[in-house]
Amino acid sequence: MKKNSTISALFALMATCAWTQEQDSVKVNPLQEVVISDTKFAQSKEKSGKIIEVISAKDLEKKTGQSLATVLSQVTGVEINGNQSANGKNLGYYIRGGKNRQVLILIDGIPVTDASGISLEYDLRLLPVEQVESIEVMKGAASTLYGTGAATGVINITLKKGTKKTIEGNAYFNIGSNNTADNKKYNGQDFNQGISVNGNFKKVNYFAGFNSTETGNMSQIAAPNTLVSYEEDRFSRQNAIAKFGFKATEKLTLNFFGNYDRLKNGYDLTFDNTGFNDTNINTTTSEQFRFGFSPKFQYNKGEFVLHSGFNKIVRDYQEFNSFSATTDYSVYESRNVVVDGVNKYNINKSFAVILGVNYQFNDMLSETPFGNIENQSTKFNILDGYSTLVYNFDFGLNINTGARLNNHSAYGNNFVYNFNPSYSFKTSFPLKLVASYSTAYITPSLYQLYSEFGNANLTPEKNATAEAGFETQWLSKKLRLEAVAFYRDQTNSIDFFYDANTFEAYYININGTNKAKGVETEVAYEVTSQLKLNANYTFTQVDKALDRLIPKHKANASLDFQPNNRTLFNINYQYFDARNDVFFDGNTFGVTGVKLDAYQLVNFLAQYELVKGRTTVFATATNLFNEAFTENIGYSTRGRNFKLGINIVL
């Protein structure tokens, strides 16, 4: 049952009371903080021409009990669809009217992808947030620095590494419920636990960790009414990570990493409104193997960094075939190699030149009931050269401009560029103005090029983004306000063609331009050292071709109260506007469009440090008013749930 009036009243009261501590609406660090995403090298936010959202380690500590998708969905301008659904549900990443294929994911500065996927997207469900050190989110086209996929945004995830202590351990355990709004089983159905060890001894630093997550009690497909009960689709995930760093000399540092991630879950047949989508047969397993090497060399006038990584992902599916009443088996396997060498040379204290070369290799194979794809013929490589000039004038003007020449083994060359000026007033007027124009591209995937529906003549999708905004701080920096307006063009999009008469089907580039525009705003106010407010609002308007699962209006607000340095209370509010969705109707054999209702969520957190610096306990209540809502037509969402947990530093 909807409780919009009650929740709206509570939100108004929350905004009036204003108690918070830099948390759940995702706090952006002050201008003095360091960011890396817009140059690949550390620089102060004051000199950055982008408004980059930073989620620090301290912020993540205050988000205990949340998933990585839930944390990201609170960032200004970011929507992670599926973060409120059953854990095995696929996620959709939406930034500035773009979705998964247009959002690039980096892990420790290295692009990650599943080369066997239809659109080369990476599955964020593979990563537990407990192994994450910090996150930067940079919105807008960024292919000049990062290449393919960085069309609407870059999510740069840094995993944990060794601390300054010689040795330190950490263990945590969480237990919670996992209900829909119609289910009120408050026994343990959501378990998350892990352990890690890390340290720093002389020239060596290290980190090793293991995480395990198990959930049940929810079906992916939503039951049509309370009289029907669908079977649960269980989810499990195991993650192991090891990182090792060695300071060979004062100027040379060698870093190595390796991780293994595995998830397994049940799933239902795709919703088609027939009522026959629930099944206890379907299961899928995904395994990821990653390792790499990242040396860094610093010299008098600059530094050189080499990011290299190998990633192998294997996905298999056992799926009920309703036509033959048998079980089909499919497997997809991909390999991805990335080598990115980049050098920053400081000509003087104000002017720097960044030069880089990027190489990527991707291949895939698949075995399905519809045919096999061999990796000997299903592969491509990319070799790009890029440069960026960074100039910081003494009077406050900063310029970041660059270009990239993309060379692809399938379609040839492609050129992108960016121009990003900003101006910080050096007087007593605390204001920074930012603007940029940048272009981006998205390479066709291996599946789109070489599968049974492939088209070897595909060329890249192209994007161009213009944006302008400001950031200002008042009241001795206790009040911070930022806003950015953007406009994006998308051309040469890749789509699927099907002829109902000849049954001919393949991928094509489509003519025409699709547009997206909007405004992203955020405000943070420190009322006192104990009471703080953080809120953001995003307006996004897209053309009809892009208008699926994108809320026109979205807002987050976080109000925290910290009565002392060991206790934290937080209440968080989220508003999601109505969205359009579509599905294939098995009754009419046609595609049906639907309008999903707007919804609001209120969440609560209490956290207490039992033993200072050693033991912390927490309790959460999510969807406090048990609102029934829909993220995707036909799929379940979480109702009111509770979670308890403990974190111990050893």
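Which residues make the nonpolar surface patch of about 530 Å²? Phe425, Phe429, Leu433, Trp474, Leu475 and Tyr525 do.

The model is predicted: local features need pLDDT of at least 70, side-chain atom pairs count only at pLDDT 80 or more, and totals for chains, interfaces and linings use all residues. Residues are numbered from 1 along each chain as its sequence is written, and side-chain values use heavy atoms, leaving out hydrogens and water.

**View 1. A nonpolar surface patch that includes Tyr525.** Patch residues have over 30% relative accessible area and no salt bridge, with nonpolar side chains joined within 5 Å. A salt bridge is a side-chain nitrogen of Lys or Arg within 4 Å of a carboxyl oxygen of Asp or Glu. Areas are Shrake-Rupley values with a 1.4 Å probe. Tyr525 sits in strand E29 (residues 513-526). Strands are DSSP runs of at least two residues, numbered from the N terminus.

**View 2. Pro295 in the loop between strands E15 (283-293) and E16 (296-299).** Pro295 is buried, at a relative accessible area of 13%. Buried means under 20%. Leaving aside residues up to four places away in sequence, Pro295 touches Thr253, Leu254, Phe304, Val305 and Leu306. Contact means heavy atoms within 4.5 Å. The C-alpha atoms of Pro295 and Ser422 are 32 Å apart.

**View 3. An open sheet of five strands, ordered E3-E8-E9-E6-E7.** The pairing is mixed. Strands pair if DSSP finds at least two bridges between them. Strand E3 (53-55) and strand E7 (110-112) are the edges, each pairing on one side only.

**View 4. Antiparallel pairing of strand E8 (residues 132-139) with strand E9 (residues 153-159).** Seven bridges join the two. Val137 has Ile155 in E9 as its bridge partner.

Terms used:
Patches are made of residues with over 30% relative accessible area and no salt bridge: like charges are joined within 9 Å, nonpolar side chains (Val, Leu, Ile, Met, Phe, Trp, Tyr) within 5 Å. Helices (H or I, at least four residues) and strands (E, at least two) are DSSP runs, numbered from the N terminus. Buried means under 20% relative accessible area, exposed over 50%, partly exposed in between (1.4 Å probe, protein chains only).
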